[in-house]
Each structure stands twice: as C-alpha cells, then as structure tokens.
Amino acid sequence: MEKLVIVGSGPAGLTAAIYAARAALQPLVLEGMQPGGQLMQTTDVENFPGFVHPIPGPELVDSMRRQAERLGARFMADALTGCDFTEETKKLVTMTGKTIEAEAVILATGATARWLGIEGKYRGRGVSTCATCDGAFYKGKRVAVIGGGDTALTEALYLSQIAASVTLIHRRDTFRATPSLQEKAAATANIDLLLETVPEAFLGERKVEALRVRNVKTGETSELPLDGVFVAIGHDPETAVLRGKVALDESGYIEADGGRTSVPGVFAAGDVQERRFKQAVTAAASGCVAALEAERYLQERN
Ligand code: NDP
C-alpha cells in the first residue's frame, strides 16, 4: 500500500512530489503519457521565479525531477488507465496492467492542446499543435498560426525566427494574449495579422499546401498558400479516465477547492483543475497546496 500516489509529472506533480517527499510520505509518481508535461514543449521559460535568464522547459522539468528524487520521491514510467475511489483505499490501474493501492492520491494529469476538428489527414502532414516541436521543419517557409491567446502569439514569435513568413489568423479583431506579446508580434516584420478570419479547410495533395479561410464579417473566402499551420486554440483537461470518479465541471476540469476534490483523500493540482492561469508557476503552487492537504489528510487519518 502506497501512502501517496501522484498522477502526472509536470510542474504540478513534481512540486507535489517535492513537498510530499519532504514530509516523509515517500510519494510514488506515475509519470503519465507525456512525462514532464507541456513544459517539455516549451523553448524558453522566462517567467518562472528564480531564473535570471530564460530556461528551456525540459531543463526546468529535469531540475524539479532531480530535486524530487533527491528528497525521496519514486517515479514509475506508466500511465493511469482506470481508478476506483469509492473505498477508503484508492485503487489505480495503469497502462501496463498494474493495480496500485494508495491511502491518498494527487491528480496532476494536466491538459492537452485542442485541434480545430477539420485537420483530417493533414495532422502531422503540415498541421501541428506545437511550434517548438515542429517549427524547425519550416525553415524559410510560409506558416500560419491559428488563435489569439498567449500560446498563439508565443508560437508566432517563435516561428518568426525560423520561417520566412508567419500569418497569425484570429477569429476576432482583438486578442486575449497579454499586451506585451501583442506589441512584440506587431513589431515583428514577418508576422502578418489576419483578423476576423476562421480556417475552413486544409488543401493539398499529400500534405498541406494551402488553407481556405473565411472572413467572419464579409463571408468572403480565400486560399492562402502555406507550408505549415500551427493550431493554438487552447487546451482540454486530461480527465477522460476520471469521469464519474471525481466531480468535474462542464468543461471537464476537476472541481477542486484548495487542492481538495469531491472525494476525501483525492487531491488535484495543475492545469487539470485550472481553467484560467495555465502557468508553470501556478501549477507548481497548486502542487504544493495539494501535497500539504494530502499530508494533513494522512495525519488526521493515521
Ligand atoms: P486561450 O484559451 O487563452 O486562447 C485560445 C485562443 O484560441 C483564443 O484566442 C480563442 O479565440 C481561439 N480559439 C478557440 N477556439 C477556436 C476555434 N475553434 N477556432 C478559432 N480560434 C479558436 O489558450 P492559450 O493556449 O493561448 O492559453 C491558455 C493559458 O495559458 C492562458 O491562461 C495563457 O495566459 C497561458 N499561457 C501563458 C504563456 C506565458 O505566460 N508565457 C504562454 C502560453 C499560454 P477567442 O479569443 O475569440 O476566444
């Protein structure tokens, strides 16, 4: 029987592991399908406190992980495929067929990038959701980024250093991205803004060669010749396995109050319970809160 299992190994799971390990709970971290989470796809993180200069996401994750390991956290390269939280002893089933029993669980499964739903055969053939993963393929080429949030603008700025041209396509005439990113994008010569415009269809023989777009005001359609398209329209929480096991909101995020879910002994941290501020530092902070709550729960129980 494990005292505490942490599901997920992004900044939320790893911070929870650091705090739980220091509290002598010997946490077991189920790393998940994408160990390290979304930071593994982030080039430069410049807003995580404590680093004067930008730090690559994977390096930040590696430091957190080694810190957790040094303090006594254990890691398992496996993912959650089922769970039973109806009894006091929580049961977790993994992809490799193991069943783990635990006194307490912290869910930090994160969120994944959303697709438009019209990508069809072009997914991975010119359409991507990760500029830092796939941007290098578009050196000197024409790309578009779809979306108007921080992710879309960050990706457009990143791609502007690689591609010949970047067209930023957004469905409204104002961005929800932070003003500083908007200013940087506006000041970048090879970023063009295409506002009040939505993508309608990807075109091309074997891979993307063009994107048909429609102006939402005029209804006019046009075809943009492109080599690649990056979809940056938000995220969905990773809660498919958790449906019916803990309370979720209408968008599928875990309903958590200060780390506590609807089930005693089950806690949540990071993007899986955070609709608004999907920041590494907020994820880390909520991992701390969930671990402290789990520690208190275990103390009261034993
Ligand atoms: P957001 O939800 O903030 O933005 C999604 C964007 O995609 C919006 O502009 C939205 O348009 C648009 N969109 C959504 N659905 C569609 C669709 N079907 N077709 C066309 N456009 C669509 O997601 P982000 O991933 O950008 O950001 C998530 C969180 O992560 C935010 O809190 C953000 O601040 C944070 N973040 C922070 C970063 C940083 O600080 N360095 C970097 C990246 C993200 P509309 O505006 O019209 O709704």
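Which residue in E16 is the bridge partner of arginine 214? In this predicted model, in which local features need pLDDT of at least 70, side-chain atom pairs count only at pLDDT 80 or more, and totals for chains, interfaces and linings use all residues, the partner of arginine 214 in E16 is threonine 221. Residues are numbered from 1 along each chain as its sequence is written, and side-chain values use heavy atoms, with hydrogens and water left out.

Strand E15 (residues 210-215) is joined to E16 by 5 bridges, and the two run antiparallel; strands here, labelled E, are DSSP runs of at least two residues, helices, labelled H or I, are runs of at least four, and both are numbered from the N terminus. Two strands are taken to pair if DSSP finds at least two bridges between them. An open sheet is formed by 3 strands in the order E14-E15-E16, with antiparallel pairing. Its edge strands, each of which pairs on one side only, are E14 (197-203) and E16 (221-225). On average, neighbouring strands of this sheet are turned by 30° against each other, direction ignored, where axes are lines fitted to C-alpha atoms and angles run from 0 to 180 degrees between N-to-C directions.

Strand E17 (residues 228-231) directs Gly228 and Phe230 one way and Val229 and Val231 the other way, and all are buried, that is, under 20% relative accessible area with a 1.4 Å probe and protein chains only. E17 pairs in the parallel sense with strand E11 (residues 142-146) over 4 bridges, and within this pairing alanine 144 has valine 229 as its bridge partner. Strand E10 (residues 127-128) also runs parallel to E17, to which 2 bridges join it, and serine 128 stands opposite phenylalanine 230.

Around the ligand there are 19 residues, of which Asp150, Thr151, Arg172, Arg176 and Arg276 come nearest; a residue is counted as near if one of its heavy atoms lies within 4 Å. The residues of this shell divide into 3 nonpolar, 10 polar and 6 charged, with Asp, Glu, Lys and Arg counted as charged and Gly among the polar residues. Helix H4 (residues 150-160) supplies the largest share of the shell, 3 residues. Oxygen atoms of the ligand lie 2.9 Å from a backbone N or O atom of glycine 148 and 3.3 Å from a backbone N or O atom of glycine 149, whereas an N or O atom in the side chain of aspartate 150 is 2.5 Å from an oxygen atom of the ligand. Of the 920 Å² of accessible area that the ligand has on its own, the protein covers 75%, as computed by the Shrake-Rupley method with a 1.4 Å probe.

Methods
Buried means under 20% relative accessible area, exposed over 50%, partly exposed in between (1.4 Å probe, protein chains only). A polar contact is a pair of N or O atoms within 3.5 Å; within protein, one must be able to donate a hydrogen and the other to accept it, and residues adjacent in sequence count only if both atoms are side-chain atoms.
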